[in-house]
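This report describes one protein model for a reader who is new to structures. Please look over the sequence and the model before reading on.

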Amino acid sequence: KHLRFLWLNENGDTISKYNEYLQQLEKFPGVESIYGYESRTSISPNGKFMVSGTIFGESLEIFDLCDNTIKKIHEKNYRHPRVEVKNNQIYPIDGITTFGYMDIYATNTHIYTLYCGDTEGRKVNKIAVFNWQGEAETLYTVDSDFLYSICLNTEETKIYAIGLNNKRETVILSYNIPDTGHNSTNIHNINIDTMSQTLHTIDTGWQDLKFIPSSDNTLQIKFK
């Protein structure tokens, strides 16, 4: 079995390794692809926590990074990945495989996921917010039918997104977050489509763009 997570310092020396998967899927032939290539990972700015979420299915794993170790502390399986394996590759099953977390952005207090939640994967216009116990707190719906990448400002008052507008142009959008707070006992479903602002139209495909973490409250975008 291949190594799942490897934590290195700036000199390339190993700090910690992690090589466990969800227990229910440990022996599934496609488990490495599901939780490697077909997943998204983000680390809190303070470096204390890491989250991994699957694109196929809706599984969240939360890790403690304190004491220079990678230790899983929470696991939430809202929907297990249901896929098929062909020629050592995994594929979604039409009408059965749920598309879950297409992107993840972590803050010190919350986990923001770009969420699909259906078996078609054609519309990605929801942002599901979790606490660091993996409990769902808020579900935002936006006006773009397809977002690809998200990030937040330090104060968690704005969500920035790369997505497609109604002309199918690649744009950078911003959404003001309503001051309603988050609550895991009474999940908020909030439509924020009237709070969007187009910041920039980009002359390239959305597949070539990705937000990268920034500590100085500026938007940094990586071109593949």
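## Aromatic pairs and their surroundings

Phe56 is buried, and Phe99 is buried as well. Buried means under 20% relative accessible area, exposed means over 50%, and partly exposed lies in between, judged with a 1.4 Å probe and protein chains only. The model is predicted, so local features need pLDDT of at least 70 and side-chain atom pairs count only at pLDDT 80 or more, while totals for chains, interfaces and linings use all residues. Residues are numbered from 1 along each chain as its sequence is written, and side-chain values use heavy atoms, with hydrogens and water left out.

Phe56 and Phe99 form an aromatic pair. Rings of Phe, Tyr and Trp (its six-membered ring) pair if their centres lie within 6.5 Å; planes under 30 degrees apart are called stacked, over 60 edge-to-face, and the rest tilted. Phe56 sits in the loop between strand 4 (49–54) and strand 5, and Phe99 sits in strand 9, so their pair ties together parts that are 43 residues apart in sequence. Helices (H or I, at least four residues) and strands (E, at least two) are DSSP runs, numbered from the N terminus.

In the whole structure, 8 aromatic pairs are found. Another of these pairs joins Tyr18 and Phe63. Tyr18 belongs to strand 2 (residues 14–18) and Phe63 to strand 5 (residues 58–64), so this pair ties together parts 45 residues apart in sequence. Tyr18 is buried at a relative accessible area of 7%, and Phe63 is buried at 0%. Ring pairs also link Tyr78, Tyr101, Tyr115 and Phe130 into a cluster.

The table gives the geometry of the two pairs described above.

| Pair | Centre to centre | Angle between planes | Type |
|---|---|---|---|
| Tyr18 and Phe63 | 5.1 Å | 80° | edge-to-face |
| Phe56 and Phe99 | 5.8 Å | 70° | edge-to-face |

Two strands pair if DSSP finds at least two bridges between them.

Strand 5 is joined to strand 4 by 5 bridges and to strand 6 by 7 bridges. Gly53 stands opposite Leu60 in strand 5. On the other pairing, Glu61 has Glu75 in strand 6 as its bridge partner, and Phe63 stands opposite Lys72 in strand 6.

In the hairpin of strand 5 and strand 6, with 6 residues between the strands, Asp67 takes a positive phi near 60°.

## The nonpolar cores

Which residues touch the most other members of the largest nonpolar core? They are Tyr112, Ile127, Leu147, Ile150, Ile159 and Tyr175, in a core of 33 residues. A nonpolar core is a set of buried Ala, Val, Leu, Ile, Met, Phe, Trp, Tyr and Cys residues joined through side-chain atoms within 4.5 Å. Strand 13 (146–152) is among the elements that each supply at least two residues, and strand 13 gives the most, with 6 residues. Apart from this core lies another of 12 residues, including Val51, Ile62, Ala106 and Leu139.

## Asp145

Asp145 is in the loop between strand 12 (136–141) and strand 13. Asp145 counts as partly exposed, at 39% relative accessibility. Leaving out residues up to four places away in sequence, Asp145 touches Arg122, Lys123, Val124, Asn125 and Leu164; contact means heavy atoms within 4.5 Å. Asp145 and Leu164 are 19 residues apart along the chain, and their C-alpha atoms are separated by 7.1 Å.

## The whole protein

The protein has 1 helix and 19 strands. Of its 224 residues, 43% count as buried.
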